[in-house]
Amino acid sequence: SGTLYIVATPIGNLQDITQRALAIFSQVDLIAAEDTRHSGLLLSHYGIKKPFFALHDHNEQQKADVLVEKLQQGSNIALISDAGTPLISDPGFHLVRKCRQADIKVVPLPGACAAITALCASGIASDRFCFEGFLPAKSKARRDKLENLSEEDRTLIFYESTHRILDTLADIEMLMGAERYVVLAREITKTWETICGDQVGNLLKWLAQDNNRTKGEMVLIIEGKPKLETEQWDPKAIKALQLISQELP
Ligand code: SAM
């Protein structure tokens, strides 16, 4: 059978395509994409013309079966999304799962991913992090989610939209405190790239002053809950102090 290639594409700057991605595009028989018109324009920029196959979030389960059949018949297929890495808040999971179950070779081609790119420039701890994708659109569900995450000590990464960012930051301020440090990475790799960080209370005030500050595509990064000073102490030292204090007058 053929091979399924999972190919990352740029998140703004068209130079962020890899040489390997371009080589695979010219080799495959078919390119599976979310928005075939959008992807057609992207690939024509690189001088590539290939048949497309539409794979959306809402039809992925059925369309994946068609693609698996094509792969079994020997076609080589590249999966791309509108931007960045497929499967990361984008379609592809069902297809990859079905391919692996059917013993079809899946080859990933790494490249741009907005979450990782933003994290790298955020100045927030990058050794341990949780990627949470998009928060729920409804405010009750969003608050519940943020409340559940409020004690998390790992860095939190979200995708957020221009329409909801101020509400989300207000919820973070309410549920995690005005002092929680956050970074908003906007329009990464594009002309108006801005990466700004502050305590959420301050950032919210600053963003609310000017519509332009919340335009475009954005990644929101929240510092994990800082450990209380006592939690950082060595448990053995705490035990020793307790023992000593019992002996003190
Ligand atoms: N699969 C993509 C990836 O690997 O990053 C993400 C797809 S998701 C549907 C789109 C969201 O990613 C946007 O709403 C935004 O939150 C984030 N995003 C994509 N491109 C971005 C960019 N250039 N700057 C900031 N955020 C971006």
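Reader: In what order do the five strands of the open sheet stand?
Author: This is a predicted model, in which local features need pLDDT of at least 70, side-chain atom pairs count only at pLDDT 80 or more, and totals for chains, interfaces and linings use all residues. Residues are numbered from 1 along each chain as its sequence is written. Strands (E, at least two residues) and helices (H or I, at least four) are DSSP runs numbered from the N terminus, and two strands pair if DSSP finds at least two bridges between them. The pairing in this open sheet is mixed, and the order is β6-β7-β10-β8-β9.

Reader: Which strands stand at the edges?
Author: An edge strand here has a single partner, so one side of it is left without a neighbour in the sheet. That describes β6 (129–134) and β9 (194–199).

Reader: Thanks! Which residue is the bridge partner of F129 in β7?
Author: β6 and β7 pair in the parallel sense over four bridges. For F129, the partner in β7 is T155.

Reader: At about what angle does α7 run to β10?
Author: Helix α7 (residues 165–176) lies across β7, β8 and β10. Axes are lines fitted to C-alpha atoms, for helices over the stretch in contact (C-beta atoms, placed from the backbone, within 7 Å). Angles run from 0 to 180 degrees between N-to-C directions. For α7 and β10 the angle is about 5°.

Reader: And which residues are the closest to the ligand?
Author: The ligand is surrounded by 24 residues, counted if the C-beta atom, placed from the backbone, lies within 6 Å of it. α5 (114–122), β7 (155–160), β8 (181–186) and β10 (218–222) each supply at least two of this shell. The closest are G84, A114, Y159, I188 and E217.

Key. Two residues are in contact if their C-beta atoms, placed from the backbone, lie within 7 Å.
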